[in-house]
Amino acid sequence: MAKLAANTGHRNVAMLGIGAYRPRRLVSNDEVCEVLDSTDEWIYERSGVRNRRWISGDESARSMAAAAAERAISNSGVAKEEIGALILATNSWKTKIPHGGPIVAFDIGLNGIPAYDIAAGCGGFGYALGVAADTVRAGSARYVLVVGVETMSVVMEPTDRNTAFIFGDGAGAVVVGPSEENGISPTVWGSDGENAEAIGQNYDIPAYMDRAQEYQHKDPESDPVGRMVVTMQGPRVFRWAAITLPKALAAVIETSGVGIEDIEVFIPHQANARINELMKKNLGFPDDLPMANDIENTGNTSAASIPLAMEEMLATGKARGGQTAMLLGFGAGLSYAGAIVTLPPAPAITSFDELG
């Protein structure tokens with residue numbers, strides 16, 4: 001039997017730099033309620049959202065992903081040509097074919113590196129971070145760029161009281177690479193396909209050839225189905241979260257090798273402020289433990305929410321580079337992914353620089 005070569009990686013890995021992009025347009029609850037049958041008070045009480053950012057002008061998922069990626073690389077101090085792979089976490093990229101990763105790599109001057117998408121709902125960044133860390137540990141790449149990007153405003157129905165007030169747009173990115181001390185614990189992840197339909201879409205890619213042929217010969221302008229939008233059964237998702245997430249959080253702590261008392265910052269997915277407060281209480285965290293609340297003015301940005309929330313805390317001084325943080329993403333799938341991490345240095349270039 002032939003003797004095959006094997007990669008040699010790095011046992012200790014960490015997030016070396018972070019970058020983000022926030023759309024210029026700020027949309028208040030009052031503006032949302034111009035078409036949605038709701039009120040600012042109702043929205044804030046049930047979700048914790050006051051404002052969200054939506055793309056406008058020449059902004060797109062593509063431009064935001066590239067901007068966040070460039071900032072993450074710059075903030076990491078890693079030479080761009082040393083980036084060996086790119087993982088794009090997204091659910092709202094406009095095409096499945098081609099997937100977005102290679103396009104983002106090309107846009108930032110890294111055409112040719114392995115680049116691919118992970119679509120794991122709002123847990124997508126956690127999945128991508130875990131895969132990136134293991135890629136570096138395995139030696140498949142020395143540095144991996146992880147980008148989470150969403151344009152949720154494009155895939156929602158503005159009159160749907162279950163979804164229209166929740167979602168926002170944005171992009172966040174981190175560079176993962178070797179470090180002296182390990183800064184990313186093993187990922188705890190899982191899924192629940194039995195309840196997958198709790199978050200979905202209003203119509204699917206045709207399942208049968210005759211239906212596909214019908215679509216191929218249809219005038220897009222006369223398509224009665226219309227555009228694809230996200231659907232959600234809020235109470236069902238809330239019940240799933242109440243049962244599943246405490247178990248996931250306990251597993252994250254157990255797997256990481258640290259204790260609750262070692263956690264200095266809590267950065268959960270920005271899905272709902274009530275869920276996050278409940279998780280913080282159930283974990284036994286002290287009231288004064290810093291917890292991300294980016295949802296208040298950014299909304300739920302799905303796979304982009306954790307890097308955006310992390311960047312906001314570091315950029316505003318609510319958290320410091322080097323602190324120990326718990327991350328947990330959860331949502332469509334229904335899927336979740338969590339880890340204990342060492343926070344990257346505070347970004348020199350932030351997503352707020354162009355916002356004034």
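A cavity is, on a 1 Å grid over the protein atoms alone, a set of points where a 1.4 Å probe fits but cannot get out, whereas a pocket is an open set with protein on both sides within 12 Å along at least five of seven lines, and lining residues have an atom within 4 Å of a point. Grid points are joined across faces, edges and corners, and a volume is the space filled by probe spheres set on the points.

This is a predicted model, in which local features need pLDDT of at least 70 and side-chain atom pairs count only at pLDDT 80 or more, while totals for chains, interfaces and linings use all residues. Residues are numbered from 1 along each chain as its sequence is written, and side-chain values use heavy atoms, with hydrogens and water left out.

**View 1. The largest cavity and its lining.** A search of the whole structure finds one cavity of 30 Å³ or more, and about 60 Å³ of space lies in the largest cavity. Its lining is made up of Phe125, Gly126, Leu129, Gly130, Ile184, Thr187, Ile306, Leu327, Ala337, Gly338 and Ala339. Helices (H or I, at least four residues) and strands (E, at least two) are DSSP runs, numbered from the N terminus. Sorted by class, the lining of the largest cavity has seven nonpolar, four polar and no charged residues; here Ala, Val, Leu, Ile, Met, Phe, Trp, Tyr, Cys and Pro count as nonpolar, Asp, Glu, Lys and Arg as charged, and the others, Gly among them, as polar.

**View 2. The second largest pocket.** The second largest pocket holds about 180 Å³ of space, and of the 15 residues that line this pocket, the closest to its centre are Asn293, Asp294, Asn297, Thr298 and Glu312. Helix 9 (295-298) and helix 10 (305-316) each supply at least two residues of the lining of the second largest pocket, which by class has five nonpolar, four polar and six charged residues.

**View 3. Ser302, between helix 9 and helix 10.** Ser302 is found in the loop between these two helices, and its phi is near 55°, a positive value in a residue other than glycine. With a relative accessible area of 4%, Ser302 is buried, where buried means under 20% relative accessible area, exposed over 50%, and partly exposed in between (1.4 Å probe, protein chains only).

**View 4. Ala66 in helix 3.** Ala66 is found in helix 3 (residues 61-76) and, at 12% relative accessibility, counts as buried. Leaving aside its neighbours within four places in sequence, Ala66 is in contact (heavy atoms within 4.5 Å) with Val104, Asp107 and Ile108. The C-alpha atoms of Ala66 and Ala171, which lie 105 residues apart along the chain, are separated by 8.8 Å.

View 5. The peptide bond from Ile97 to Pro98 is cis, with omega near 0°, and Pro98 is found in the loop between strand 4 (83-89) and helix 4 (100-107).

**View 6. Two cysteines, Cys33 and Cys122.** Cys33 is buried, with a relative accessible area of 18%, and Cys122, at 11% relative accessibility, also counts as buried. The structure holds zero disulfides, a disulfide being a pair of cysteine sulfur atoms within 2.5 Å.
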